[in-house]
Amino acid sequence: MPLKLVVGNKNYSSWSMRAWLALRAGNVAFDEVFIPLYTGAADKQRILDFTHSGKVPALIDGDVTVWDSLAIIEYAAERFPDARLWPEDRRSRAHARSISAEMHSGFAALRNECGMNLHRPVGAIALSVEAQADIARIQQIWSECRTRYRKSGPFLFGTFGAADAMFAPVVHRFRTYAIAVEPEVKAYMDTMMALPAFQEWTRAGLAETLVIEKFEIA
Ligand SMILES: N[C@@H](CCC(=O)N[C@@H](CS)C(=O)NCC(=O)O)C(=O)O
């Protein structure tokens, strides 16, 4: 039975993007179940029918249901080792897991103030000190990775992996909100934006016409 990945609107759903990108760029085959977000009780119930968390993404693999983006990526890494989602080297893997967990649990100010919205015209907005600190920390994370792993390739740990998937929506946020970035960070963003799976997600998001008003404020 093929895997099923339940995702929300590609224009807005940054957590869906992370899991989807890890699977797609990792060449893991799956069927996609799209459920529009914040439309009312019926669609919410469709999500609840897959996962009691009531949130997307969720991955269904036969009788196994995995919810929450990072848990899905961990499951995929274990189930599909050929996808090489985590670095082979134990120290690099610890590093990759640390920054992925930091992304998963942190950067609330950036996430609140600069929601992912692929349709939004590019333009800067005034950001809080907290969001600016989030941006500085993310640039530091990416630059450290590039310095340490540049010899192995252009992604955070050389080849594409889980950490890139976890930070992918931030690439869109930095681009959409015209965040000034260091040249090395820009080069990494260009690498991500050239990734076929990243482009596939983005094209599909831009083709959507559903608007979620509460995400159209910034
Ligand atoms: N910590 C979760 C967050 C999931 C999440 O907040 N998903 C949002 C969409 S990006 C959602 O399902 N919202 C729909 C709702 O709350 O009804 C993860 O990493 O997957």
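Is V171 buried or exposed? In this predicted model, for which local features require pLDDT of at least 70, side-chain atom pairs count only at pLDDT 80 or more, and totals for chains, interfaces and linings use all residues, V171 is buried, with a relative accessible area of 0%. Residues are numbered from 1 along each chain as its sequence is written, and side-chain values use heavy atoms, with hydrogens and water left out. Burial is assigned under 20% relative accessible area and exposure over 50%, with partly exposed in between, using a 1.4 Å probe and protein chains only.

V171 lies in helix α7; helices (H or I, at least four residues) and strands (E, at least two) are DSSP runs numbered from the N terminus. Apart from its neighbours within four places in sequence, V171 is in contact (heavy atoms within 4.5 Å) with W142, Y188, M189, M192, M193 and F198. The C-alpha atoms of V171 and D190 are 8.8 Å apart in space, with a separation of 19 residues in sequence. T191 belongs to helix α8, which covers residues 183-194. The relative accessible area of T191 is 19%, and the residue is therefore classed as buried. With neighbours within four places in sequence left aside, T191 contacts P154 and F155.

A further buried position is W201, at 0% relative accessibility, in helix α9 (residues 196-207). Beyond residues up to four places away in sequence, W201 touches N9, K10, S13, S16, M17, W20, M116 and L118. W201 and V6 are 195 residues apart in sequence, and their C-alpha atoms are 14 Å apart in space. In helix α3, A71 counts as partly exposed, at 34% relative accessibility. The C-alpha to C-alpha distance between A71 and A19 is 9.1 Å, across 52 residues of sequence.

Rolling a probe the size of a water molecule over the atoms shows where empty space is left. On a 1 Å grid over the protein atoms alone, a pocket is an open set of points where a 1.4 Å probe fits, with protein on both sides within 12 Å along at least five of seven lines, and lining residues have an atom within 4 Å of a point. The largest pocket has a volume of about 820 Å³, where volume is the space filled by probe spheres set on the points, and grid points are joined across faces, edges and corners. Its lining comprises 34 residues, of which Y12, S14, W15, Y38 and F215 lie nearest the centre of the pocket. This lining divides into 14 nonpolar, twelve polar and eight charged residues; Ala, Val, Leu, Ile, Met, Phe, Trp, Tyr, Cys and Pro count as nonpolar, Asp, Glu, Lys and Arg as charged, and the others, Gly among them, as polar. At least two lining residues of the largest pocket come from each of α1 (14-25), α2 (41-50) and α5 (108-113).

The second largest pocket holds about 340 Å³ of space. Of the 19 residues that line the second largest pocket, R84, W86, P87, E88 and T159 lie nearest its centre. Helices α4 (90-105) and α7 (162-176) give two or more residues to this lining. By class, the lining of the second largest pocket contains twelve nonpolar, five polar and two charged residues.

The ligand is surrounded by S13, W15, L37, Y38, K44, G54, K55, V56, P57, D68, S69 and H104, a residue being near when one of its heavy atoms lies within 4 Å. Polar contacts are pairs of N or O atoms within 3.5 Å; within protein, one atom must be able to donate a hydrogen and the other to accept it, and residues adjacent in sequence count only if both atoms are side-chain atoms. An N or O atom in the side chain of Y38 is 2.8 Å from a nitrogen atom of the ligand. From V56, a backbone N or O atom lies 2.8 Å from a ligand nitrogen atom. An oxygen atom of the ligand is 3.0 Å from a polar side-chain atom of D68.

Backbone geometry was also examined. Most residues other than glycine have a negative phi, and most peptide bonds are trans. The peptide bond joining V56 and P57 is cis, with omega about 5°, and P57 is found in the loop between α2 and β3 (58-61). D68, in the loop between β4 (64-67) and α3 (69-79), has a positive phi near 85° and counts as partly exposed at 36% relative accessibility. Phi of F107 is likewise positive, near 60°. F107 is placed in the loop between α4 and α5 and is buried, with a relative accessible area of 8%.
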